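The structure is shown first, and the points follow by topic.

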Amino acid sequence: MMSFNDALREKQTFLREGEKRLLIDGQHVSAASGQTFTSINPATGRVIATVSDGDAVDIDRAVASARKAFEGPWSRFKPAERQALLLRLADVLDEHYEELASLDTLDMGAPLLRTRASRERAVGLIRYYAGLAMSIHGETIPNSVPGDIFSYTVKEPVGVVGAITPWNGPLTLALWKIGPALATGCTVVLKPAEQSPLSSLRLGELCLEAGLPPGVLNVVTGRGGAGAALAAHHDVDKIAFTGSTRVGQKIIEASAGNIKRLSLELGGKSPHIIFADADLDAAVPVAAMAVFANSGQICSAGTRLFVQEAVYDEFVEKVAAFGNALRVGDPADPDMQLGPLVSEQQLTRVAGYLRAGQDEGATLLGGGLPAGQSELSNGFFVRPTVFANVRDEMRIAREEIFGPVISALRFSDAANVIARANTSDFGLGGGVWTRSLATAQQVTRGLRTGSVWVNCYQAMDPAVPFGGYKMSGYGRESGREHVEEFLNTKAVWINA
């Protein structure tokens, strides 16, 4: 395994190599327009790298490359060969993980403590999909058609996949799209968020190093126009998207041109429910980090903290105290627990919600902008924030903030909290803390969310599906269901 010093040298070499160019057909190329944009360190506001600004012309080039690879060399890879390649990729990722983790820390502000801790998940995802590459199969189906006609199904890759990823988990979210696509025999055009493109570009290089044929994975960096062109492209067979509900709705509209397949993991405003009989000491740090982790930039964050009336004041004060004790600062410092928000734009957005919460009458128990900082200060930091005495109709209780902001609401009983939790337009995740199995089952049955965690939160595993209800999207990631998202089913009839 590569040492930290070796990883640091690799990162510095990668960043010194000049403009970070697109990866198309196995080659680094500049955007056809010659345009570039800058990647900013959100902890300092300083430029890290200059990146090629791809547009629709570059998307055309990348899709053509992916189509050629899909119909050419990649189509001849057997399941065992795809599995072997994915296992090599997992080993390469493991070898270079320190470098990739430090790129994400530098590029989007996640603490090194967090990005390093994601090693097992990142490598594990690829190894899991490698296992599934060998288990894709159809079935024989007895039919009732007169005569001696045999029927069966085969599973075939959908084709060219457009993978559009957000900035809040650049490496792992890219792998979450690439892994099942490669396992099933699809090819990919990856469009990472412009706020955090660096690890995706480096990932593309490492995929080639692992033996992936040119064109099987193409990486096109750029702004929203590149993503829109990919979503609407007539020769893209599927879009796998993680991001905001608003952009997801635009992708749905864009997909109508060729009725392309979609899987959408969108926004959330997840309820995290604490009953009075819960182990409160165990629940406090989990309830806090269900929102404060990654500075609140997690789609399934438990931002609506429902606490039963009997323990409300005590519990919310403890959560606020926990947040106030977290170390917030330079994410490259391995002792820091929280870093900045990803951009000045996101800081301005979150600061607006901090004002709205107070204007609407919520009680600010702790957090907010650091002393002396305005939205335009260098370094896009927000301290862990807890609002008490929040009402359901407040903006901070209804809208996705995507920052380290907890809205704490009182509730009376299970029926009351289930009804209120389900009033949200979103349905991504939810949590419940109780010692009562009956209460836990009542809540898990009642919540209209894709995941429910009982006496824990944000537990994730490659084998367990994840996805949303309602405006949190459709389709599932992880688990066998995820692989099915990248496959077509063909029925075959043979008259013997």
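Helix H6 (residues 119-132) has 14 residues, which at 1.5 Å a residue should span 20 Å, and its end C-alpha atoms, 20 Å apart, agree with this. The expected span is 1.5 Å times one less than the number of residues, and helices (H or I, at least four residues) and strands (E, at least two) are DSSP runs numbered from the N terminus. This is a predicted model, in which local features need pLDDT of at least 70 and side-chain atom pairs count only at pLDDT 80 or more, while totals for chains, interfaces and linings use all residues. Residues are numbered from 1 along each chain as its sequence is written, and side-chain values use heavy atoms, with hydrogens and water left out.

**Helix H6**
- The buried residues of H6 (under 20% relative accessible area; exposed is over 50%, partly exposed in between; 1.4 Å probe, protein chains only) are Arg119, Ala122, Val123, Leu125, Ile126, Tyr128, Tyr129, Ala130 and Leu132.
- These buried residues pack against helix H3 (79-95), H4, H5, H7 and helix H17 (479-484), where contact means heavy atoms within 4.5 Å.

**Pockets**
- On a 1 Å grid over the protein atoms alone, a pocket is an open set of points with protein on both sides within 12 Å along at least five of seven lines, a cavity is a set where a 1.4 Å probe fits but cannot get out, and lining residues have an atom within 4 Å of a point.
- The largest pocket has a volume of about 1400 Å³, a volume being the space filled by probe spheres set on grid points joined across faces, edges and corners.
- Of the 50 residues lining the largest pocket, Gly243, Ser244, Thr245, Arg246 and Val247 are the closest to its centre.
- Helix H10 (245-254) is among the elements that supply at least two lining residues to the largest pocket, and H10 gives the largest share, six residues.
- The lining of the largest pocket comprises 20 nonpolar, 16 polar and 14 charged residues; Ala, Val, Leu, Ile, Met, Phe, Trp, Tyr, Cys and Pro count as nonpolar, Asp, Glu, Lys and Arg as charged, and the others, Gly among them, as polar.
- The second largest pocket has a volume of about 820 Å³.
- Of the 33 residues that line the second largest pocket, Arg114, Ser118, Arg121, Thr172 and Ile298 are the closest to its centre.
- Helix H4 (97-108), helix H5 (112-117), helix H7 (170-184) and helix H11 (280-292) each give two or more residues to the lining of the second largest pocket, which has 19 nonpolar, ten polar and four charged residues.

**Cavities**
- The structure holds two cavities of 30 Å³ or more.
- The largest cavity contains about 60 Å³ of space, and its lining includes Gly268, Lys269, Ile298, Cys299 and Glu400.
- The second largest cavity has a volume of about 40 Å³, with Lys177, Phe241, Glu265 and Tyr474 among its lining residues.
- Strand S10 (261-265) gives the most to the lining of the second largest cavity, with three residues.

**Cysteines**
- The structure holds zero disulfides, a disulfide being a pair of cysteine sulfur atoms within 2.5 Å.
- Cys186 is buried, at 0% relative accessibility, and its sulfur is too far for a bond because the closest cysteine sulfur, in Cys207, is 15 Å away.
- Cys456 is partly exposed, with a relative accessible area of 28%, and its sulfur is 16 Å from the closest cysteine sulfur, in Cys299, too far for a bond.
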